[in-house]
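Work through the exercises below with the sequence and the 3D view at hand. Try each task before reading its solution.

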Amino acid sequence: ILYKRWWIIAVAVLLTAGSAFVFSKLQNPRYTSTAEVIIEPARADWGLAQSAKMLLRTYMTVIDSDKKAQEVIDALQLSVKPGELRSRAHFAAEDDRMVIKIEIEDYDGDQANDIARTWAQLLVDWRDAQNQRQRKEDRVYAYLRDNPRYAQTWPKTRIVTAAGGVFGLAIAG
């Protein structure tokens with residue numbers, strides 16, 4: 001049967017893989033930009049380091065607010081509401097690395113970078129303001145690790161095309 005009908009399988013695989021390829025090319029690309037803010041205690045003291053680790057989630061909560069989202073919107077003159085901007089932002093505290101990650105999803109990669117950088121800078125500025133009320137040896141510093149970089153997260157043309165080919169193989173089989 002395979003010897004006689006091989007062309008049906010080939011046509012099905014080519015047709016579904018080709019359709020998947022065209023589908024993925026018609027999609028609007030989405031990008032994710034990531035900024036990492038390093039949290040560093042002023043001195044190498046175990047107690048201060050443990051306190052800073054425990055406070056990472058608090059720092060993340062402070063920065064993930066409508067108020068801070070509005071500050072980002074105002075700084076970059078975006079035409080979105082704070083809730084919409086926050087829905088495209090993801091925050092994570094990594095206490096093993098003492099890092100707060102800020103991920104921004106957007107249809108424009110450069111704009112995603114700008115949003116991530118601005119939001120990270122708000123965290124750094126907030127931390128600097130908090131430090132002004134503390135003794136120098138008790139301060140916890142925050143700084144941007146690197147400039148954010150974006151990567152395309154959708155569509156993954158190769159994966160979609162391969163999945164279309166496997167689907168065509170399943171249909172023909």
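The model is predicted, so local features need pLDDT of at least 70 and side-chain atom pairs count only at pLDDT 80 or more, while totals for chains, interfaces and linings use all residues. Residues are numbered from 1 along each chain as its sequence is written, and side-chain values use heavy atoms, with hydrogens and water left out.

**Exercise 1. Find the buried residues of H3 and state what they pack against.**

Solution. 
- Helices (H or I, at least four residues) and strands (E, at least two) are DSSP runs, numbered from the N terminus. Helix H3 spans residues 66-76 and contains Lys-68.
- Buried means under 20% relative accessible area, exposed over 50%, and partly exposed in between, with a 1.4 Å probe and protein chains only. In H3 the buried residues are Lys-68, Ala-69, Val-72 and Ile-73.
- Seen down the axis of H3, these residues fall within an arc of 145° and so line one face of the helix. The arc is that of the directions from the helix axis to the C-beta atoms.
- An α-helix has 3.6 residues a turn, so residues three or four places apart point the same way.
- On the face turned away from the buried side, H3 carries the exposed residues Lys-67, Asp-74 and Ala-75.
- Contact means heavy atoms within 4.5 Å. The buried residues of H3 pack against helices H2 (46-63), H4 (82-87) and H5 (109-131).

**Exercise 2. Is Lys-68 buried or exposed, and which residues does Lys-68 touch?**

Solution. 
- Lys-68 counts as buried because its relative accessibility is 11%.
- Not counting residues up to four places away in sequence, Lys-68 touches Val-62, Ile-63, Trp-119, Leu-122 and Trp-126.

**Exercise 3. Describe the positive phi angles of Gln-77 and Met-98.**

Solution. 
- Gln-77 is not a glycine, yet its phi is positive, near 55°. Gln-77 follows H3 and sits in the loop between H3 and H4.
- With 71% relative accessibility, Gln-77 counts as exposed.
- Met-98, also not a glycine, has a positive phi of about 60°. Met-98 belongs to the hairpin of S2 and S3, which has 4 residues between the strands.
- Met-98 is buried, at a relative accessible area of 12%.
- Lys-68 and Met-98 are 30 residues apart along the chain, and their C-alpha atoms are separated by 21 Å.

**Exercise 4. How many bridges join S3 to S1, and how many join S3 to S2?**

Solution. 
- Two strands pair if DSSP finds at least two bridges between them.
- S1 (residues 30-41) and S3 (residues 99-106) run antiparallel and are joined by 8 bridges. Thr-32 has Glu-105 in S3 as its bridge partner.
- S2 (residues 89-94) and S3 also run antiparallel, with 6 bridges. His-90 stands opposite Glu-103 in S3.
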